[in-house]
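Good morning, and thank you for the time. I would ask you to keep the sequence and the structure in view while I speak.

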Amino acid sequence: MTTRIVELRRGILKKNDELAAGLRHQFTSAGVLVLNLVSSPGTGKTAFLERTLRELRARGAQAAALVGDLETDNDARRLAASGAPVRQINTHGICHLDAEMITRHLEGWEGVSLEGLNYLFIENVGNLVCPSSYDLGERIRVVLLSVTEGEDKPLKYPGLFNSADAAVITKIDLAEPCGFDRELALHNINEIRPGIRIFETSAKTGAGMDAWLAYLAEQARPS
Amino acid sequence: MHELSIAASIVESVTESAAAYPGARVKEVRLRVGALASVVEDSLKFCWELATEGSPLAGAALVINILPVILHCDACGVDTEIAGVQSFRCPKCGELAADLRQGRELEIESIELEEPDSVVPDPVEEQV
């Protein structure tokens, strides 16, 4: 018996990364801004996205959403109330979306062409760990954190917070009753992802939505 | 818990690479995993056993080399390793540093094969 060492130096998620690179190219060519929304379950991703879709439509923008959940199409039905095209992705037990699921669900999406969209939102499965490893071809990864979750979430889940391009604090209408320490939360986000853009919002009252929508418009502008 | 998906991806990738060496047995698989890669070492090892069971990789050892985070500090102009993943500040000057130079890796570094002495032909050129 002889022993041989073979150097591979290959990404474990190479297949996903290649698919994601293809998607990114497709999105860029179509001129659609794609955002991947990630948070724990219960942060309020769906309420935040529903309000975003409604406000974008009111401003004349074309936006659509893919929404990931283990089971049920409840979120897709909620989001569809905004009037935007929405498609549910059920992962049946898988704790994150991957590039293959996105590819598959973009195919045959009735009435939706990437070229006709300004924005495509991908609402990931509620999970602050696994989605960080899976590139979906998005241009902007948005991490959401609600005031009810505790200010140390960024410190507990540095992998995901450090990979994000923007952070959204949700449910700020509940900040006071929850005893939310705003300064500490902002500090912790900044320690893990220095210089990240942070938006403080309430989907219920609409607080902070203008700044968020202005950011979207600025990011969607062709450079 | 995406470690099972990751273990399955490693099995698939290594099986493909090892096919270039007919008759060889994979003894060990070595990974480079960044401290920020969101992979739990123990969990991946547990899933590795499940994923390799009944496959050509059954019995192969999994060696996980965890890589610390390295930040580039604009103020100091140097790359420095930081301890832990709780504060992304340059250890020299204390400034926050967003430029990550290491820490997200999720790679198969190498595989160790055991080949029978009788098999001597050159390996089939691996397709990249």
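In this predicted model, chain A contains an open sheet of seven strands, with parallel pairing and the order β4-β3-β5-β2-β6-β7-β8. The edges are held by β4, residues 86-90, and β8, residues 197-200. Each of these two has a single partner strand, so one side of each is left without a neighbour in the sheet. Ignoring direction, neighbouring strands of this sheet are turned by 20° against each other on average.

Within the sheet, consider β2 of chain A, residues 33-38, and β5 of chain A, residues 119-123; the two run parallel and are joined by five bridges. One residue of this pairing is A:L37, whose bridge partner in β5(A) is A:E123.

Two helices of chain A deserve attention here. Helix α9, residues 209-220, lies across β2, β5, β6 (140-146), β7 (166-170) and β8 of chain A. Relative to β8(A), helix α9(A) runs at about 145°.

The other helix is α4 of chain A, residues 99-106, and its buried residues are A:A99, A:M101 and A:I102. How are these buried residues arranged when seen down the axis of α4(A)? They fall within an arc of 160°, so they line one face of the helix. The elements against which the buried residues of α4(A) pack are α1 (14-30), β3 (63-69), β4 and β5 of chain A. After α4(A) comes A:G108, which has a positive phi, near 60°.

I turn now to chain B. Two helices and six strands make up its elements, and from the N terminus on they run α-β-α-β-β-β-β-β. The radius of gyration of chain B is 19 Å, whereas the globule rule gives 14 Å for 128 residues, so the chain is more spread out than a compact globule. Taken along the principal axes, the box filled by the C-alpha atoms of chain B is roughly 60 × 35 × 20 Å. Of its 128 residues, 32% count as buried. As for the contacts in chain B between residues at least 6 apart in sequence, 72% of them join residues at least 24 apart.

Strand β3(B), residues 70-73, pairs with β4(B), residues 78-81, in the antiparallel sense over four bridges. Here B:C73 stands opposite B:V78. The hairpin of β3(B) and β4(B) has four residues between the strands, and B:G77 in this hairpin takes a positive phi near 75°. Strand β3(B) also pairs with β5(B), residues 99-102, in the antiparallel sense over three bridges. In that pairing, B:L71 has B:L100 as its bridge partner.

Finally, I come to the contact between the two chains. How many residues does each chain contribute? Chain B gives 29 residues and chain A gives 30 residues. On the side of chain B that touches chain A, α1 (3-18) and β6 (106-115) of chain B each supply at least two residues. The largest share, ten residues, comes from β6(B).

Within it, A:G11 has B:E107 as its bridge partner.

How values were computed
Residues are numbered from 1 along each chain as its sequence is written. Chains are lettered from A and ligands numbered from 1 in the order in which they are written. This is a predicted model: local features need pLDDT of at least 70, side-chain atom pairs count only at pLDDT 80 or more; totals for chains, interfaces and linings use all residues. Two residues are in contact if their C-beta atoms, placed from the backbone, lie within 7 Å. Two strands pair if DSSP finds at least two bridges between them. The radius of gyration is taken over C-alpha atoms; the globule rule is 2.2 Å times the number of residues to the power 0.38. A residue is buried if 20 or more other C-beta atoms lie within 10 Å of its own, exposed if 12 or fewer, and partly exposed in between; C-beta atoms are placed from the backbone. Axes are lines fitted to C-alpha atoms, for helices over the stretch in contact, and angles run from 0 to 180 degrees between N-to-C directions. The arc is that of the directions from the helix axis to the C-beta atoms.
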